[in-house]
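Thanks for coming, everyone. Let me put the model up, and then we go through it.

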Amino acid sequence: MKFGKEFMAQMVPEWQAAYMDYNFLKMQLKEIQRFHARGRPAAHLVKQKSTLYRAFSGLNQRQKSQRQSTSLSSPDGESQVIVVNSVAQDGSLGYETRFLMSGEEGGEYELVFFRRLDDEFNKVNKFNRCKVDEVLKEADVLTKQMNALIAFRIKVENPNGWADRSNDIIRLSSDVAASSAALSASAPSGARAASRRVFKDFLLDVEPTCGMQPDGASNGEDNAIHQNVEEKKPNNFRATRPAPLQVLDRLKINNTLETPRSTIKGFLKVPNRTEPNFNKESLKKVEERLKQALVVFYNKLRLLKSYSFLNTLAFSKIMKKYDKITSRDASKAYLKMVDNSYLGSSDEVSRLMERVEHTFIKHFSNGNRSKGMRILRPKAKREQHRVTFFMGFFGGCTAALVLALILIARARNLLDKPGATQYMETMFPLYSLFGFVVLHMLMYAANIYFWRRYRVNYSFIFGFKQGTELGYREVLLLSFCLATLALASVVSNLDMEMDPKTKDYKAFTELIPLALVVLVLIIFIYPFNIIYRSSRFFFLTCLFHCICAPLYKVTLPDFFLADQLTSQLQSFRSLEFYVCYYGWGDYKLRQNTCSTSDVFRAFSFIVVAVPYWCRLFQCLRRLFEEKDAMQGYNALKYFSALVAISVRTAYSLDRGKINWNMMAWIFSIIAAIYGTYWDLVFDWGLLQRQSKNRWLRDKLLVPYKSVYFGAMALNVFLRFAWLQTVLNFQVSFLHREAMITIFASLEIIRRGIWNFFRLENEHLNNVGAYRAFKSVPLPFNYDEDEDKDD
């Protein structure tokens, strides 16, 4: 793989604009190369030809001649090409390169190259310094949190006897100091330096260094180390004391409205209890939150270190290309500046990483380094060949069963038999449920494929735990498995006529759809670690948050799932039919009274309203918390859709009344126009008239503008496909249930297209704000001014 592609692959997607523009600088070098190719072709050929007429230097050259040739080609004998100076730019230190060969032919191209190179380096250096300052401030905050945690732990685990232990530790540190002073008078200098290092490590609560310095270095640094210890002696002795328990007097617990109880208290303005409860349960919660904060902080440090390394390597690569193209030796001077700059010389991030590792291993891994590092540095997910194999296997089974179903229906002429209409009204709605779910999973797999292809960081946006997110192969495997089971059950239950002996249908085959639904539900809630347990539990958690929408803090995965549910209304109707058909119908005779039951008709309104109610309550919750008027307008959009779908449901149940027809027309058109405009403008961020990509947006991940215009047109068309329920559109050769299934499938396809552009817009918003990490709420809050006084 070429470095340019590897460089792009290793970038943090949200920081992409802050990296060196390697491809742009390569284009500048190609301009220089093309100029040289146009201006000096003859000289190049003459130089190459003239080497054939030089005197032969011999096969056995002497070492002396080699040394002479090396000295002649050394950089010291060549003229200097560039001079790099540091300058002040916008209140920060920048660098400016002066090209000394600008008078040569084509020198203006190289001058432009170095100007662009300086702009890129100053951009990278400034961003790196800014991010390092951020993590240093965050490190100070986490330090205070760790001090509070230690004091909290002392109070919980040893509430009464800590004073005696603290005196023992202070006395122990005094004994160590006295012993060190006594040894310093009689021990050699090397031993004295080693003892001071041990004493210093004890004071600072860090791991002692593994390697020992040479004797010369020890002798030279003995006085410096001794002076350093003496100067920091008061602070270090303070570090040996236990964490000050006085911090607990002003300590408060950060409460966020993340549970139903806290949400209700916040709505009723009941003051939350901020005083900590000193028990083991509270300690466990505090440790878990702080552990998560340290993991996120460590990942930020890792990415920041990778950012520095990749950009330094990119500058090295581009300067070597410059030397190769121009036959100059400018890279040494420029890369020396890069090494001496803040980008190349700062080691704050590395030292912070070491300190976080030590803290995490000590306090959250019980001293087990391998366990702690597995949490801090989880292994990247590897693609498994068996997933690809079984995906292909079950995909082939699905295709074979579809073909078999078509051939059986044609050979047995099933659609023309007397029981075909009864089959379409009873069995077809049961099996169509699996078709809707499989189609949605296929669209989601396609979404993941294109998100990865266009570098949309979907796992970060959804908040998936690293290494547990499903790829498109895993989603395809699950969808093909479900499709295989569903199609196999359909093929096994194609009886259009009752058994002439028993005058009913086979109970076993009639119960297969119900058994399959129960199997899927059992797999979803199965507690053991099989079939992607983390992904199943993540889905169930988001689903529970959707059902209890106003009581939980709304996150993107929650309202994204709620949007998916609004496109699965027909699936909810199918589930309702399952309950009615197997609960109150006679499945052996394929007879039911669902369509005439008042209870079933009442629940038809409730079932289709649930997804929209969830989404409406989520918008109202965000309006209450964020005080953002756009959430109110978004809630109004879902309310209009809720009214429209309810009126259409009433019209479908009672088509004889003209009033329902008129109201269905009016509310459906209003909801379709409102929803389409919101999709294009707010969810996708398109239709920006002043954008450099007219009627689109400034940044586009897909390089073809026609894709966006086609998606907008398709979204408008599929939005208004809902109106077929009002138009009562029918086709002579298709049953009404088949028509409903087709239009429900079109809505699922529209939702799949919406998913890609919705997450693309969210990703670009994160990129614009350089937002590569989610904020983690810290457990403690206490007055910092009192800390400063202490």
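I will take the overall chain, then the aromatic rings, then the cavities.

This is a predicted model: local features need pLDDT of at least 70, side-chain atom pairs count only at pLDDT 80 or more, and totals for chains, interfaces and linings use all residues. Residues are numbered from 1 along each chain as its sequence is written, and side-chain values use heavy atoms, with hydrogens and water left out.

The chain has 31 helices and four strands. These are DSSP runs, numbered from the N terminus: helices are H or I with at least four residues, strands are E with at least two. Of the 790 residues, 40% are buried. Buried means under 20% relative accessible area, exposed over 50%, partly exposed in between, with a 1.4 Å probe and protein chains only. Contacts means heavy atoms within 4.5 Å. Take the contacts with a separation of 6 or more: 75% of them join residues 24 or more positions apart.

Now the rings. How many aromatic pairs does the count come to? It comes to 47. The rule takes rings of Phe, Tyr and Trp (its six-membered ring) with centres within 6.5 Å; planes under 30 degrees apart are stacked, over 60 edge-to-face, the rest tilted.

Look at F127 and Y770. Their pair is tilted, with 5.1 Å centre to centre and 55 degrees between the planes. F127 sits in helix α5 (residues 107-157) and Y770 in the loop between α30 (736-768) and β4 (780-782), so the pair ties together parts 643 residues apart in sequence. F127 counts as buried, at 10% relative accessibility. Y770 counts as partly exposed, at 32%. Both belong to one aromatic cluster, along with F3, F7, W15, Y19, Y22 and Y307.

Next, charges over rings. The test is NZ of Lys or CZ of Arg within 6 Å of the ring centre and within 35 degrees of the ring normal. R590 lies over the face of Y505, 3.9 Å from the ring centre. K627 lies over the face of F624, at 5.1 Å.

A cavity is a set of points on a 1 Å grid over the protein atoms alone, where a 1.4 Å probe fits but cannot get out; lining residues have an atom within 4 Å of a point. There are two cavities of 30 Å³ or more.

Terms used: 1 Å grid on protein atoms, 1.4 Å probe; cavity = no way out; pocket = protein on both sides within 12 Å on 5 of 7 lines; lining within 4 Å. Points joined across faces, edges and corners; volume = space filled by probe spheres on them.
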